[in-house]
Amino acid sequence: MAEIKISDLTAKSANLANTDLFVIAESDGAGGYVSKKITGAEISAIAGDNIYLVDGSLRSDRTVDLNGVYLAFQNSGADVLKISAADIISFNNAYSFPTADGTARQVLQTDGAGTLSFNQATAGLYAQTAVSSTLTNTTTETSIVGTGVGSLTIPANHFAVGDSYSAKISGKISAANGDLITIKIKSGSTILATTRAIALSRTTDKGWECKIDFTITAIGATGSISTHGIFDYNRDTGGLEGYVFQDVEAFDSTVANTLDITAEWGQASTLDIINSANFVLHKTY
């Protein structure tokens with residue numbers, strides 16, 4: 001142990017003064033100990049509601065009153081965890097947490113420059129990876145969504161008012177002039193929106209697409225959902241032709257809901273053909 005003069009130390013039983021000196025043993029980091037002097041002021045600083053550390057272990061539960069100063073845990077002189085005088089918690093001098101909670105269903109996001117904040121999550125939910133079955137020569141309503149990754153099902157009681165989603169589905173279509181088709185946006189057996197039966201111009205193996213936006217306007221067993229969509233396709237004569245639809249429908253958010261998009265021909269004809277090759281669903285708000 002390093003030399004400490006007895007004359008430097010203070011014999012004390014009460015009325016601790018800030019200038020009083022006492023000896024303690026401190027780990028040298030190599031399995032041994034060295035002695036050092038601490039002042040009465042330093043002893044006072046570890047009294048009351050402060051944390052007591054002995055050989056790196058927490059002595060007991062304590063409440064720390066920062067009283068306008070910061071508390072930092074360091075490793076080799078660098079801050080690992082710091083609580084500032086303004087109650088901001090930061091890690092590794094790299095990023096800091098917000099001091100207030102976000103709203104329901106928000107998540108923590110980083111700006112890549114050390115700032116974390118609560119924001120609405122935007123995330124991909126489903127992406128089609130295989131061409132759907134081809135619907136032709138039938139008047140049976142049939143799903144035109146192909147298999148993919150992710151899920152089209154939202155669990156029961158998951159929705160909040162204002163939750164919004166966007167979807168886009170596209171593929172190839174053929175139809176005789178004047179033939180009818182109906183596109184429906186559904187959750188289970190509930191029709192959220194529909195083009196209703198629309199008459200197509202002649203089209204032969206051309207591209208089509210349907211863009212859809214949903215917003216939850218009320219939740220519960222008697223909730224509601226607002227749906228806006230655009231269905232369009234290329235005609236043989238050139239140019240796009242399509243249909244815009246808007247619906248607000250009753251919607252039960254207390255049960256699981258699985259999105260589906262169906263097509264239904266108004267006539268059974270081998271000239272009427274539709275499938276999908278791409279379908280992406282993601283949450284926008």
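**Rings, core and a loop serine**

Me: Which residues do ring pairs link into a cluster?

Reply: In this predicted model, Phe159, Tyr165 and Phe251 are joined into a cluster by ring pairs. The structure holds five aromatic pairs.

Me: Why is the pair of phenylalanine 231 and tyrosine 233 called tilted?

Reply: The centres of these two rings are 6.2 Å apart and the planes stand at 35 degrees. The limit for a pair is 6.5 Å, and stacked would need planes under 30 degrees apart, edge-to-face over 60; the pair is therefore tilted. Both phenylalanine 231 and tyrosine 233 are buried.

Me: Which residues have the most contacts inside the largest nonpolar core?

Reply: They are Phe214, Phe231 and Ile274, in a core of 36 residues. Among the elements that give two or more residues to this core are strand 20 (203-218), strand 21 (223-234) and strand 25 (278-283). Not counting residues up to four places away in sequence, phenylalanine 231 touches residues including Ile173, Ile183, Trp208, Tyr243 and Phe245.

Me: What makes lysine 283 lie over the face of tyrosine 165?

Reply: Lysine 283 is at 5.8 Å from the ring centre of tyrosine 165. The distance limit is 6 Å, with a further condition of within 35 degrees of the ring normal. Lysine 283 is over the face of the ring.

Me: Is serine 133 buried or exposed, and how do you know?

Reply: Serine 133 has a relative accessible area of 59%. Exposed means over 50%, so serine 133 is exposed. Serine 133 is found in the loop between strand 11 and strand 12 (135-136).

Me: What does serine 133 touch?

Reply: Serine 133 touches Ile274 and Asn275, leaving aside residues up to four places away in sequence. Serine 133 and serine 276 are 143 residues apart in sequence, with 7.9 Å from C-alpha to C-alpha.

Conventions
Residues are numbered from 1 along each chain as its sequence is written. This is a predicted model: local features need pLDDT of at least 70, side-chain atom pairs count only at pLDDT 80 or more; totals for chains, interfaces and linings use all residues. Side-chain values use heavy atoms; hydrogens and water are left out. A nonpolar core is a set of buried Ala, Val, Leu, Ile, Met, Phe, Trp, Tyr and Cys residues joined through side-chain atoms within 4.5 Å. Buried means under 20% relative accessible area, exposed over 50%, partly exposed in between (1.4 Å probe, protein chains only). Helices (H or I, at least four residues) and strands (E, at least two) are DSSP runs, numbered from the N terminus. Contact means heavy atoms within 4.5 Å. Rings of Phe, Tyr and Trp (its six-membered ring) pair if their centres lie within 6.5 Å; planes under 30 degrees apart count as stacked, over 60 as edge-to-face and the rest as tilted.
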